[in-house]
Amino acid sequence: MTAIDPQAQARDEASESTILSVRGLAKSFGGLKAINDVSFDAAAHQITALIGPNGAGKTTVFNLITNIMSRDAGKVVFASRDLDGLSAVKIAGLGLIRTFQSARVFPGMTAIENVMVGSHRLGRHSFPGQALWLGGARDEERALRRRAEEMLELVGLSSFAETHAIELPMGAQKLLEVVRALMARPKLLCLDEPAAGLNDTETQELANLLRAIRGLGIPVLVVEHNMSLVMNVADRIVVIDSGAIIATGTPAEVQANSRVIEAYLGREDHVAP
């Protein structure tokens with residue numbers, strides 16, 4: 001009988017439970033070190049939140065992970081695939097789907113058309129087949145539309161399906177962007193400030209949506225300023241300040257961490273290490 005190596009088994013189990021691994025991420029702009037040795041994991045089937053004060057470097061980390069911005073150092077592994085050298089489009093094709101701080105809807109398209117665009121990476125039919133409206137392409141289009149209708153229903157926007165997306169309030173546009181990303185069937189959904197511009201009711205709808213996404217087995221990595229939202233939905237929180245990680249843990253652990261409290265609230269006798 002072959003002996004079992006407990007350490008190897010633990011590494012294999014950790015690999016299976018981790019969808020995204022970030023190690024030693026670094027980025028400088030001129031003489032300013034914006035991101036300094038950032039390392040963390042995002043677990044499968046969980047919501048991981050990346051938080052920090054304004055200017056801490058959270059969105060820069062997102063941009064480095066998705067190769068929208070080149071990194072000076074570090075390694076990013078997604079679903080066991082090293083992302084080094086891959087384009088942002090290729091990374092999205094692997095199932096790492098992200099949104100942006102500002103809502104990005106397609107002008108001239110209705111809400112449901114905007115949602116359906118999210119499924120483009122999954123389309124099985126060629127452009128000629130779609131252009132000629134062949135049977136298979138028609139069936140695929142109908143199926144995608146039904147799914148888009150379900151997504152709009154999920155966030156309470158079904159009554160705005162035929163409304164031009166650009167005419168929707170900013171909060172509705174943000175929710176629209178989230179469900180459009182869901183249409184791509186992500187293996188990891190990365191959300192950059194999804195609660196920005198949302199009122200209290202919309203924020204609660206977003207919280208319910210995030211829990212539903214987790215319930216479907218889709219892991220989420222979210223950058224967010226709304227602490228009430230983060231503390232209510234996140235399984236694990238990574239705190240970044242001045243480009244470096246200062247704390248990681250559960251919401252309760254992070255809330256009680258003195259370095260986190262100082263980073264957010266400041267202290268007159270606080271001296272930088």
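**Entry 1: the helix pair**

Before reading any helix angle, I note that axes are lines fitted to C-alpha atoms, over the stretch in contact, and that angles run from 0 to 180 degrees between N-to-C directions. I am working with a predicted model here.

I looked up α7 (residues 170-182) and α8 (residues 200-215) to begin with. Their packing angle is about 10°, and the axes are 11 Å apart. Angles under 35 degrees count as roughly parallel, so I wrote down α7 and α8 as roughly parallel to each other.

Next I listed who meets whom. From α7 come Gly171, Ala172, Leu175, Val178, Val179 and Leu182. On the α8 side they meet Glu202, Glu205, Leu206, Leu209 and Ile213. I sorted the residues of this contact by type and got 8 nonpolar, 1 polar and 2 charged.

**Entry 2: the nonpolar cores**

I then checked where the nonpolar residues gather. The largest nonpolar core has 48 residues, and Leu176 and Ile213 have the most contacts inside it. Helix α7 gives the most to this core, with 7 residues. Ile213 was already in my notes, as one of the α8 residues that meet α7.

What does Leu176 touch, leaving out residues up to four places away in sequence? I found Val105, Ala111, Asn114, Val115, Leu152, Leu157, Ala165 and Leu168.

There is also a second, separate core of 28 residues, and Ile35, Val61, Phe62 and Leu96 are among its members.

**Entry 3: arginine 98**

Is Arg98 buried or exposed? I located Arg98 in strand β6 (residues 96-98). Its relative accessibility is 13%, and under 20% means buried, so Arg98 counts as buried.

I looked for partners of the Arg98 side chain and found two. The side chain of Asn63 makes a polar contact with it at 2.7 Å, and the side chain of Asp192 makes another at 3.5 Å. Leaving out residues up to four places away in sequence, Arg98 touches Phe62, Asn63, Thr66, Ile68, Cys190 and Asp192.

**Entry 4: glycine 85**

I finished in a loop. Gly85 is found between β5 (81-82) and α3 (88-93). With a relative accessible area of 73%, Gly85 is exposed. I also looked up its distance to Ser70, which is 15 residues apart from Gly85 along the chain. The C-alpha atoms of Gly85 and Ser70 are separated by 9.1 Å.

Terms used. Residues are numbered from 1 along each chain as its sequence is written. This is a predicted model: local features need pLDDT of at least 70, side-chain atom pairs count only at pLDDT 80 or more; totals for chains, interfaces and linings use all residues. Side-chain values use heavy atoms; hydrogens and water are left out. Helices (H or I, at least four residues) and strands (E, at least two) are DSSP runs, numbered from the N terminus. Angles under 35 degrees count as roughly parallel, over 145 as roughly antiparallel, 65 to 115 as roughly perpendicular and the rest as oblique. Contact means heavy atoms within 4.5 Å. Ala, Val, Leu, Ile, Met, Phe, Trp, Tyr, Cys and Pro count as nonpolar, Asp, Glu, Lys and Arg as charged, and the others, Gly among them, as polar. A nonpolar core is a set of buried Ala, Val, Leu, Ile, Met, Phe, Trp, Tyr and Cys residues joined through side-chain atoms within 4.5 Å. Buried means under 20% relative accessible area, exposed over 50%, partly exposed in between (1.4 Å probe, protein chains only). A polar contact is a pair of N or O atoms within 3.5 Å; within protein, one must be able to donate a hydrogen and the other to accept it, and residues adjacent in sequence count only if both atoms are side-chain atoms.
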